[in-house]
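Reader: I would like to learn how to read a protein model feature by feature. Could you walk me through one?

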Amino acid sequence: MTIFVWIIQLFFVPALSPLCIGIIRKIKAKLQNRQGANVFQPYKDIWKLLHKDEVVSKDASWIFRFTPYIVFAVTIVVGLSIPIFLSRISEFGASDILIIVYTLAIGTFFMALSGMDTGSAFGGFGSSREMTVSALAEGGFIFSLLTMALLAGSTNLFVMSDVTRTITSQSFLPTILAFGGFFIVLLAETSRFPFDNPATHLELTMIHEAMILEYSGKRLALMEWAASNKLLIFIILGVNIFFPFGLVINGGWGMIILSIFYFLVKIFLFCLAIAVLESSMAKFRFFRLPDLLLISFIFNVVAIGLIQWSR
Amino acid sequence: MEILFIIITLVVAAVINLMTKRKVIIEVISLISSFVALIGSIILALKVSSSGLFAPWSGRFFSIDSLGAIIILILGLVGFATTIYSIQYLRQEINKDIIGFKRFKEYFILLNIFFAAMFLATTASNPIFTWISIEGTTLSTAFLISFYNKPSAIEGAWKYLIINSIGLLLGFFGTLLFFTSIDLSSVGLVDWHSLSLNAIHLDPLLAKIAFVFVLIGYGTKVGLVPMHTWKPDAYSKAPAPIGALLSSALLPISFVIILRYKAITDIAVGPLFSQKLLITFGFLSIAVAALIMFNAKNYKRLLAYSSIENAGVMALGFGFGGIGIFAAVLHLIYHSCVKVVLFLSSGNLLLKYGSAKIFNIKGALKVIPATSIIFIIGFLIVTGIPPFGMFMTKLYILSAGMKDYPLVSVFALFFLVLVFVSFLKHVSAMFFGEKPENIEKGEKNIWLLIPQISLIVIIIILSFYLPPFLHTLINNVVLQY
Amino acid sequence: MNLLFLQFLSGTILLLIILLLIMKKNFSVVFAYGLQSLIVVIILLNSFFEKGGLLMLLAILVILVIKVILAPVFFIRLIKKYALSFSASTYLSTPMTLIVITILVSIVHSHKFLPLTSIVPDHQVLLSLSLSAIFLSLFLIVNRKGALSQIIGILSFENSIVVFAVFANLEQSATLQLGIIFDIFVWLMIATVFISMLYKHFGTLDVSSMKHLTD
C-alpha cells in the first residue's frame, strides 16, 4: 500500500495545481461579474504550450535552457516530501523544514539567473526585485515554520502536522500569529497580490512574470506549471502544518478517501481566501513590500515569544 | 458655608455674564464676585488658622487644611487683582480694535468659571473631585489661551490642551492606584483624611509607582521639567492677566495636590523616596530654565521660564525638608504675588509697544516710567535680591539642603545666579536706553497700575512682617508635611 | 461573567488599540474607538450586575450615549466636513511601530510591574492587559501625527484607565462616574471646536505643521 501512497503523493501536486489556478481565476471573475474561463483552462493552456515551437535567444547560456527543468524538478521533489493527506509516510529525510525552504530557494535562484541570462532589461529588474522579496521573505518563512516546530518539538514536517492535531488552547495564539506571518510569505513567494499581479501585462509592474518573459513553448509550459506547483505546495504547507485536522496516520482506504476529501475542502477554502483578497486590495508599490515582509517577521517572532510565555 | 457661598457667587456671576449684553454689567458683576471671593477667602483663612481643619458637613464634600487655607488666600488676592486689571486691559484692547464685545463677554464668563473651578479644586475633600475640578480649569483656560485667534495662539492652546490632558490622566491613574488601600465597597466617598489614615495598608512598591505617576501627572500642570514644554507657548500667547493667573494660582494648586500625595506616600514608604524625586525634578527645572532663559527672545516666555525655575525652587524646598518647607511655603506666597506684578506689567508693555519680542522694546523707562519701575522692582524680587522676602526663602531652602545634598545646593545656587544674570541682561535691554521714535510717552490708565502697586506693597510688608494668622498657618503646614 | 470572557474582551481592547496605531483611514480609527467604548460599557455593565444600584445604571447609560454614540458622531461629522479621509502618517514606520508595541507589552507583563498587576491576584492577566492598553494609548498619542488621532489617543487612554479601575475593584461611586463623564464630554466639545479652528488656520490637521512657536 505504501507504493500506492507514494505514487499518489508524486503525482498529486503537479496534477492538481493548474486546477487551483483555475479555481482562483474563476472566483475572481465571478467577483468581477464576469463569466470567466473554464476551471480547467490552465490544463488546456499547458497542453497548448507543450505543442508549440520554441524560440531561444542566441545569447542565452545553458542556464536559460536548463532552468525550467530544474525549477520543475524542485517542485516535484518538494511536493513529494510534504504531508498531503497522510500525516506520516515514513522517515523521509527530505521532510525537514530547512530542506524544504532551501530546495524551493534553489528554484528561485535559477529562475533569477535565467531572467538575467538573455540580457533583456525586463528580466534583469524582475530578477533583482524577486531577489529582494525572496531574501526578506526567507526570514518570515523559516520563522513561521520554526514556531510550529518549537510547538511540536521536531523539525520534521510529518511530525509537526501530527502533533499539531492535538492542539491546546495555550498554543492557539502562537499558531494564529505564525499563520498570519506564513500567509504573508505565501503571497510573497507565489507572486500573488499585494506583491505581484500574476495577470499583468505591463512589464514595469512585473516581478515573477518578468523573469519568464523570454520563455516560449515547452519551457514556458514547464515554468508556468512549476509556478502553480509552488502555489499548491505553499497552500498545502499552510493547510497541513497549521490546521492539520482531518489528517490520518494509518488507516484503511475509507479513512484515506475521507482525509483526501477534507484536504480538498481546505484547499478550496484557501483558494477562495486568496481570490477574495486579490479582488479587494490593490498591488502595493515596491517600496512598501519590505515593510510588509518585516511585519510578517515580527509576527513570527512575537509568536515564538508567546510560546515561551505559556510554558 | 462660606465655601459654598464663594463658589455659588462665582458661578452665578458667570451665568449673568452669559446672559447680559451690556459691558458695564459684566465688569461690575465680575468685580463684585472676585471681591466676594477675596473677603470669603480671608475669613476662611482666619478660621482655619484659629481652629485647625475646617470641614463643614463633617468633611463629606469640602475640607480645608492649613495649606489649603494659604492657597485660598492667594487665590482670592490674586483673583481680585487680576480682575481689576482685566477690566481696564480689555477696555484698552477694545479701544485698539484688537477684540470685540463677544470676546470680552467670553473672557469674563470663562474667568469666573476658572475661579470657581480653582476654588473647588482646593477645597474638595475627595481626590477624584479635585481631579475633576482641575480638568475643569484646563477646559476653561483652553479658550482663554487661544483668545486672540491667531495661528500661534491656537497652536499654543492645542499643545496646552493635549499635554495637560495627558498629564491629568496620568495623575488620575496615580490617584486610582492610591485608592487600592481602601476597600471601596464599604466606604462611600473617600477623602484625603481617610486616604492618609489607610496609607499604612499600601504596598510600598505600589505606593512608589503611584507617586511617580502623580508627580509626573500633576507635575505637568505645575510645569516641572521635562513636562514643561507647554508653558512658554501657553503663557506667551495668553492675554497678560490670564498668564498671571495661570502662573500664580494654578501652579500652587497643582503643587499642593502633589504635596498631599507626598504626605500619603511618606506614611507608606518613608520620606526619603519622595524627597529624592522632588529634589531631582526641582533641580532639573532650575537648571533647564536657567539655561534657556539666557537666550529668551520674548519677554512673556521669559516670565514662563521664571515660573518653571521658581516651581523648581519650591520643589527643592519641599524636598529638602525641615526649614525648607517653611521657606517653600513663603516662597509660594511671594512668587504668586510677584508673578502677577510681572505679568500685569508685561501686559502694559504689550499695550504700549504692540510687540512681545524683547528686541522691539527699548527705552521703556522713558516711555512708561511707572510700569518700568514696577517691572524692575518685580524683577529684583523674583530673582531673590535682598531685602525682599524671596532672598530669605531661597537662602533658607539652599541652607536646608546643604547638610544632606551639598552638591545639589551648590549647583542650584549657580543656576539661580545664572537666572539673575539672564534676567538682568533682558531687563537692561528693555528698559534702559533710548526710546524709539514712534512710541508716545505716558501710561495708559492708572487702573492698569494700581493692582501691581498694591501687590508690591503687600510683598514688601510680608517680607518684613508676617501677620500672626499667617504664621500659624505656615507652622501647621510644616508640621503636617 | 466568567474570567475567560473578560479576558477576551480586554484582549480585544488591546487589539483595537494596536489597530488604531497602524490604521491609515480616519473612519476606521473612529470606528475602532467606538467599538472600544462599547466594550468598556459592557465591562461596566458586568460590574453593575454584580453590585447593583440604580444610579450606577444611569451613569452607565450616560457613558454609553456619550462615548459610544456621540463621540464617534462628532468625529465622523468632522471628517466629512473637512474631507479628512486619510489620517496623517506616523513618525515610525509600521514594522518599527510593531516592534515598539511588542516591547511595551512584554515590559508590562514582566516582573517590573508585578505590584501593579497583582492588586487583585485573580485578575492579573486582565490588569496586565489593561496596563498595556494604557501604555499603548500613550504611544499612540506620541506616534501619530494627526490632531484627530491625538484626541482619540487621549480618549482611549481614559478608556483603558477606566477598565483598569474596574478590574482592580477600584470602581468609583456613581456620582463620581457621572462627574468624570461630564468632564470628558466637555473636553470632547472643546477638542472638536479646536480641531475646526486648527483646520481653519493651518489648513491641515498634521501636528508637525505647527512649528510657529519657537524661542
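**Reading the model, feature by feature**

Author: Happy to. Keep in mind that this model is predicted.

Reader: How are two packed helices described in general?

Author: Two packed helices are described by the angle between their axes and the distance between the axes. Here, the axes of H11 (residues 271-293) and H12 (residues 299-320) of chain B come within 7 Å and cross at roughly 155°. Angles over 145 degrees count as roughly antiparallel, and therefore H11(B) is roughly antiparallel to H12(B).

Reader: Which residues of H11(B) and H12(B) meet?

Author: From H11(B), they include B:Leu278, B:Gly282, B:Ile286 and B:Ala289. From H12(B), B:Tyr305, B:Glu309, B:Gly312 and B:Leu316 are among them. The residues of this contact divide into 15 nonpolar, six polar and one charged.

Reader: Now the interior. What do nonpolar side chains tend to do in soluble globular proteins?

Author: In soluble globular proteins, they tend to be buried together. In this model, the largest nonpolar core has 267 residues, and B:Trp158 and C:Phe194 touch the most other members. Helix H13 (residues 323-353) of chain B gives the most to this core, with 20 residues. Apart from it lies another core, of 60 residues, with A:Cys20, A:Ile23, A:Ile207 and A:Ala275 among them.

Reader: What does B:Trp158 touch?

Author: Leaving out residues up to four places away in sequence, B:Trp158 touches residues of chain C, including C:Gln150, C:Phe194, C:Leu198 and C:Met210. Among the two pairs of chains that touch, the most contacts are between chains B and C. Chains A and B do not touch, and their nearest C-alpha atoms are 25 Å apart.

Reader: And the backbone: where are the peptide bonds that are cis?

Author: One runs from A:Phe193 to A:Pro194, with omega near -10°. A:Pro194 sits in the loop between helices H7 (172-189) and H8 (208-211) of chain A. Another runs from B:Val225 to B:Pro226, with omega near 5°, and B:Pro226 is in the loop between helices H8 (204-222) and H9 (230-237) of chain B.

Reader: Which residue other than glycine has a phi near 65°?

Author: That is A:Asn33, where the value is positive. A:Asn33 lies in the loop between helices H1 (2-31) and H2 (41-50) of chain A, and is exposed, with a relative accessible area of 75%. B:Asn149 also has a positive phi, near 60°, and counts as partly exposed at 30% relative accessibility.

Conventions: Residues numbered from 1 in each chain as written. Chains lettered and ligands numbered in written order. Predicted model: local features only at pLDDT ≥ 70, side-chain atom pairs only at ≥ 80, totals over all residues. Heavy atoms only, no water. Axes fitted to C-alpha atoms, helices over the stretch in contact; angles between N-to-C directions. Helix = DSSP H or I, 4+ residues; strand = E, 2+ residues; numbered from the N terminus. Parallel < 35°, antiparallel > 145°, perpendicular 65-115°, else oblique. Contact = heavy atoms within 4.5 Å. Nonpolar A, V, L, I, M, F, W, Y, C, P; charged D, E, K, R; others polar. Core = buried A, V, L, I, M, F, W, Y, C linked by side-chain atoms within 4.5 Å. Buried < 20%, exposed > 50% of the residue type's maximum accessible area, 1.4 Å probe, protein only.
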